[in-house]
Amino acid sequence: MSSSRWLVVLVAACVLVLGLAACGGGGSSSSPGKEGESGTGSGDPPSTEASGEIAGAGSTAQQAAQEAWIAEFENADSGATVSYDGVGSGGGREQFIAAGVAYGASDTPLSESEGELGKAIKRCAPGELVEVPNYISPIAIIYDLPGVEELKLEPETLAKIFNQEIEDWNDSEIAKENPGVELPETRIVPVNRSDESGTTENFTDYLSKVAPQVWTHEVSGDWPVKGGEAASGTSGVVEAVANGEGAIGYADASQAGELGIAKIKVGGDWAEPSPEAAAKILDLSKEDPELEQGEKHVIAFEIDRKTESSGTYPIVLVSSLIGCTKYKSASEAALVKSYFEYAISPAGQELAAEAAGSAPLSGKLTKKVEAAVGAIE
Amino acid sequence: MAPVDTTTNAGRLPARASGGRHRRGDRIFGNAAVIAAVTILALLVGVAVFLVTEGFPALTASASELPGHESFLGYVAPLAFGTVLAGALATVIAVPLAVAVALFITHIAPPRIALTLGYLVDLLAAIPSIIYGLWGIFVLGPAAVPAMRWLEEELGFLPIFAGPASITGRTMLVVGLVLAVMILPIVSAVAREVFSQTPRKLQEGAQALGATRWEMIRTTVLPFGRSSVISGAMLGLGRALGETMAVAIILSVSGGITFNLIGQANPSTIAANIALDFPESSGLAVNLLIATGLVLFAITLATNFLARLIVARSSPR
């Protein structure tokens with residue numbers, strides 16, 4: 001082999017390595033600097049001049065709905081550009097606080113226990129913080145048990161199943177709630193999310209409220225019980241339940257497909273997930289003063305998981321939009337305001353229901369939310 | 001096969017060049033080579049510095065401050081265990097297979113078949129890991145369920161097949177198999193390259209002494225290629241240790257340290273755990289994940305170091 005050919009190859013390799021190094025160096029030098037870097041996929045953080053452009057980040061649960069809203073919003077409001085990065089709720093809250101994005105979306109409200117609420121209020125100063133529920137999604141209890149068309153479960157039984165205290169489908173406790181149903185001797189395999197998620201957080205919150213004696217684990221987005229079957233993402237859980245005879249899991253109701261959906265006891269009735277039943281729960285819930293901290297434009301509920309009112313379904317995920325009343329430029333504020341208004345409007349909610357299977361906000365809640373969003377200047 | 005070629009030759013070239021006159025081309029080449037080497041080092045140091053600075057808050061935090069209220073060691077131990085277990089399993093499955101494939105291609109198959117097969121094996125490396133992951137959950141996992149049930153019934157006395165067998169097939173064993181397929185091309189490419197370089201004289205000598213084909217392979221080809229096969233295996237192990245998406249999608253991670261390969265409660269791996277938990281993490285939880293990345297970095301470095309040591313010991317030449 002001639003040495004000149006080698007030279008060419010090596011020089012080319014060096015150029016390549018140097019090029020990579022330049023890129024890598026740039027990335028790593030920016031990240032250790034600040035806690036919450038503005039890692040919005042679409043680039044530019046909102047600047048004072050950026051009149052027609054805002055960026056948001058947060059909840060993956062909302063991603064499909066956000067994408068639908070953005071498409072319609074940009075169609076109607078020509079010239080405005082909204083981008084949304086589904087980095088996850090935690091990432092969304094962090095980026096909002098660091099002012100990396102104009103608005104955030106989170107499956108759990110900002111809370112004082114992690115210090116985030118105070119930081120978010122500070123970020124919005126001299127304006128005020130706006131936090132409103134905009135996305136409600138029922139969580140279905142899905143199961144795969146051939147021959148069992150209908151399955152009824154008391155909250156306590158549900159908690160025991162997911163806590164691995166009830167191990168077989170023909171357990172007397174399940175049989176008692178399902179008279180006339182022939183339950184097989186199959187082993188129960190509870191399926192949970194292996195990634196951290198708002199769905200898990202809302203579901204464990206439900207279990208800890210309705211069955212505090214059984215469910216003694218901390219409420220968290222990370223599944224607390226070891227030893228169950230775990231799968232990543234909603235689609236992973238649905239896939240695992242569909243593949244495993246005897247499996248039971250929890251997932252966005254819109255993704256349940258052909259799988260059996262358990263009925264859960266609410267008061268004297270057996271409730272199934274439906275958009276109306278899910279939306280109704282927020283009308284019955286009280287606002288949580290601890291999550292609101294006296295902020296006028298923050299609407300955060302302590303979801304009444306223990307409700308006994310018929311026609312409601314308490315296992316829901318409630319996700320919120322987070323923004324400020326004032327931004328650096330009036331045009332930015334106007335854009336955030338009109339985007340929020342569209343997202344919470346009946347038309348926007350209808351669109352989300354179509355795109356993501358969410359439950360539209362009730363009329364009563366819409367009024368309240370509109371008032372809070374109206375405070376954006 | 002390309003990487004092996006360039007590294008061995010690049011190592012020899014400067015020595016040859018420095019002996020001759022200093023021409024312009026030599027100078028450019030020499031400087032370029034130095035810059036490349038320094039860049040690699042700088043990158044490595046840069047990554048290490050990033051991991052240490054970002055992971056530091058989690059390393060120094062007390063257990064009660066960390067998410068999950070568990071000490072850092074308690075958090076990372078099952079992950080490190082899972083990482084090593086998955087990597088070791090994949091290597092144990094892949095290396096014999098890769099050596100067999102390489103021997104077949106270089107010494108047994110007729111040239112035309114050998115060429116095609118070589119291309120096909122290399123093609124395995126071109127499949128993205130996410131595709132392997134999907135194949136794992138949709139095809140291999142469900143297909144492995146009856147086999148794992150059989151293992152539980154017949155070989156359940158072994159701790160690795162203790163069961164109860166998973167009903168979905170998302171187990172450590174399936175992950176090991178998928179990873180083995182993923183690292184097969186690397187290991188077999190290295191093995192193939194070195195087996196085909198076995199000196200003709202040695203092989204002919206062995207056959208002249210009356211050795212059968214297998215005896216010839218055993219006495220000349222295998223000893224000649226041993227150290228390269230080991231380093232190929234370590235390259236493969238390195239990839240298996242860091243593999244993220246395939247593991248994150250397939251593995252049912254809900255357990256601590258266990259040798260049970262066919263159950264539903266498996267320890268996660270460090271890379272997969274970062275991929276699964278990072279999107280919803282904030283604050284100290286992110287530092288914690290980066291600190292586990294530092295541990296992975298250390299494990300990979302140690303593996304490579306070990307590989308060098310083994311190679312250095314086992315090659316008397």
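Helices and strands are taken here as DSSP runs numbered from the N terminus, a helix having at least four residues and a strand at least two. The structure is a predicted model.

**Chain A and its loops**

Chain A contains 13 helices and 14 strands. Of the 377 residues in chain A, 47% are buried. When contacts in chain A between residues at least 6 apart in sequence are considered, 72% join residues at least 24 apart.

Ala99(A) sits in the loop between H3 and strand E3 (103-106) of chain A. Its phi is near 60°, which is positive although the residue is not glycine.

A cis peptide bond leads from Ala125(A) to Pro126(A), with omega near 5°. Pro126(A) belongs to the loop between H4 and strand E4 (129-143) of chain A.

| Residue or bond | Backbone angle |
|---|---|
| Ala99(A) | phi near 60° |
| Ala125(A) to Pro126(A) | omega near 5° |

**Helix packing in chain A**

Helix H3 (residues 89-97) and helix H4 (residues 116-124) of chain A have axes that come within 9 Å and cross at roughly 40°. On the H3(A) side the residues are Arg93(A), Phe96(A) and Ile97(A), and they meet Glu116(A), Lys119(A), Ala120(A) and Arg123(A) of H4(A). By class, this contact of H3(A) with H4(A) comprises three nonpolar, no polar and four charged residues.

A second pair is formed by helix H2 (residues 63-76) and helix H12 (residues 346-356) of chain A, which pack at an angle of about 130° with axes 8 Å apart. That angle makes H2(A) oblique to H12(A). H2(A) contributes Ala64(A), Ala65(A), Ala68(A), Trp69(A) and Glu72(A), while H12(A) contributes Gly348(A), Leu351(A), Ala352(A), Ala355(A) and Ala356(A). The contact of H2(A) with H12(A) has eight nonpolar residues, one polar and one charged. The crossing of H2(A) and H12(A) is right-handed.

**Where chains A and B meet**

The contact draws 44 residues from chain A and 35 residues from chain B. On the side of chain B that touches chain A, the elements giving two or more residues are helices H2 (24-60), H5 (129-155), H9 (245-250) and H10 (270-277) of chain B. H2(B) gives the most to this side, with 12 residues. The side of chain B that touches chain A divides into 17 nonpolar, 14 polar and four charged residues.

**The largest nonpolar core**

The largest nonpolar core has 178 residues, of which Val336(A), Leu179(B), Ile183(B) and Val187(B) touch the most other members. Helix H6 (residues 172-195) of chain B gives the most to this core, with 18 residues. Leaving aside residues up to four places away in sequence, Ile183(B) touches Ala90(B), Ala94(B), Gly236(B), Arg239(B) and Ala240(B). In soluble globular proteins, nonpolar side chains tend to be buried together.

Conventions: Residues are numbered from 1 along each chain as its sequence is written. Chains are lettered from A and ligands numbered from 1 in the order in which they are written. This is a predicted model: local features need pLDDT of at least 70, side-chain atom pairs count only at pLDDT 80 or more; totals for chains, interfaces and linings use all residues. A nonpolar core is a set of buried Ala, Val, Leu, Ile, Met, Phe, Trp, Tyr and Cys residues joined through C-beta atoms within 7 Å. A residue is buried if 20 or more other C-beta atoms lie within 10 Å of its own, exposed if 12 or fewer, and partly exposed in between; C-beta atoms are placed from the backbone. Two residues are in contact if their C-beta atoms, placed from the backbone, lie within 7 Å. Ala, Val, Leu, Ile, Met, Phe, Trp, Tyr, Cys and Pro count as nonpolar, Asp, Glu, Lys and Arg as charged, and the others, Gly among them, as polar. Axes are lines fitted to C-alpha atoms, for helices over the stretch in contact, and angles run from 0 to 180 degrees between N-to-C directions. Angles under 35 degrees count as roughly parallel, over 145 as roughly antiparallel, 65 to 115 as roughly perpendicular and the rest as oblique. A crossing is left-handed if the near helix is turned anticlockwise from the far one by less than a right angle, and right-handed if clockwise.
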